[in-house]
Amino acid sequence: MALLMRVLRNQSNISQWVPVCSRLVPVYPTQGQWGRTGVSQKIKIAALRMYTSCVEKTDFEEFFLRCQMPDTFNSWFLITLLHVWMCLVRMKQEGRSGKYMCRIIVHFMWEDVEQRGRVMGVNSYILKKNMILMTNNFYAAILGYDEGILSDDHGLAAALWRTFFNQKCEDPRQLELLVEYVRKQMQYLDSMDGEDLLLTGEVRWRPLVEKNPQSILTPRAPTYNDEGL
């Protein structure tokens, strides 16, 4: 399962796609790599699939266009962070297994971010320094988004303005679009069966601009292989 990324020729433009996240873990990890329990192994595989959905099944180009974001690594991270957060909110509802899955998703995210930095040729010292900064920003964003999703649309818009738009959004239509996107996406995720998510990790994101609003609450049934994954 290959996640694709673009390598920066410079600090602002993205030019070439290369596989990165497919090297994080083997598709069929050995028991020694994942631990002794089959449940733990399945959850870790599901977590990888869920993180993969955040970076492979999200239309980044549409976000760049409609939110007027520059096509940069930082923009990619902000969009990915938003989708990872929505996955975390959903999986925290699934008890101890769901919270364990959340930790694994975040682990895969940082592994991916670090590998992308190395592929881009970022100096190891600078990469380490940036990773610390990004980690602090990540947890601050999670707290802000958590408060926003529990608030009204004005509270959620404020959280998105501070984090996603870095306090630089001057078009209220962009904030309105993103608030609507988060609300409908969380509604869609909540409609998915928790056991299926723990087992498969498969998430299909709604489009940023919905062509058929009536289809929001009709998620596709998950597919399983012979091992129940």
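**Aromatic pairs and their surroundings**

The count of aromatic pairs comes to eight, where rings of Phe, Tyr and Trp (its six-membered ring) pair if their centres lie within 6.5 Å, with planes under 30 degrees apart counted as stacked, over 60 as edge-to-face and the rest as tilted. In one of these, the ring centres of Phe63 and Tyr181 are 5.4 Å apart and the planes stand at 85°, so the pair is edge-to-face. This pair links distant parts of the chain, since Phe63 belongs to helix H3 and Tyr181 to helix H8 (residues 172-190), 118 residues apart; helices are DSSP runs of H or I with at least four residues, numbered from the N terminus. The model is predicted, so that local features need pLDDT of at least 70 and side-chain atom pairs count only at pLDDT 80 or more, while totals for chains, interfaces and linings use all residues. Residues are numbered from 1 along each chain as its sequence is written, and side-chain values use heavy atoms, with hydrogens and water left out.

Phe63 is buried at 2% relative accessibility, and Tyr181 is buried at 1%, where buried means under 20% relative accessible area, exposed over 50% and partly exposed in between (1.4 Å probe, protein chains only). Together with Phe164 and Phe165, Phe63 and Tyr181 form one aromatic cluster.

Helix H3 (residues 60-66) also holds Glu62, which is buried with a relative accessible area of 17%. Leaving aside residues up to four places away in sequence, Glu62 touches Cys67, Leu208 and Val209, contact meaning heavy atoms within 4.5 Å.

Methods: Helices (H or I, at least four residues) and strands (E, at least two) are DSSP runs, numbered from the N terminus.
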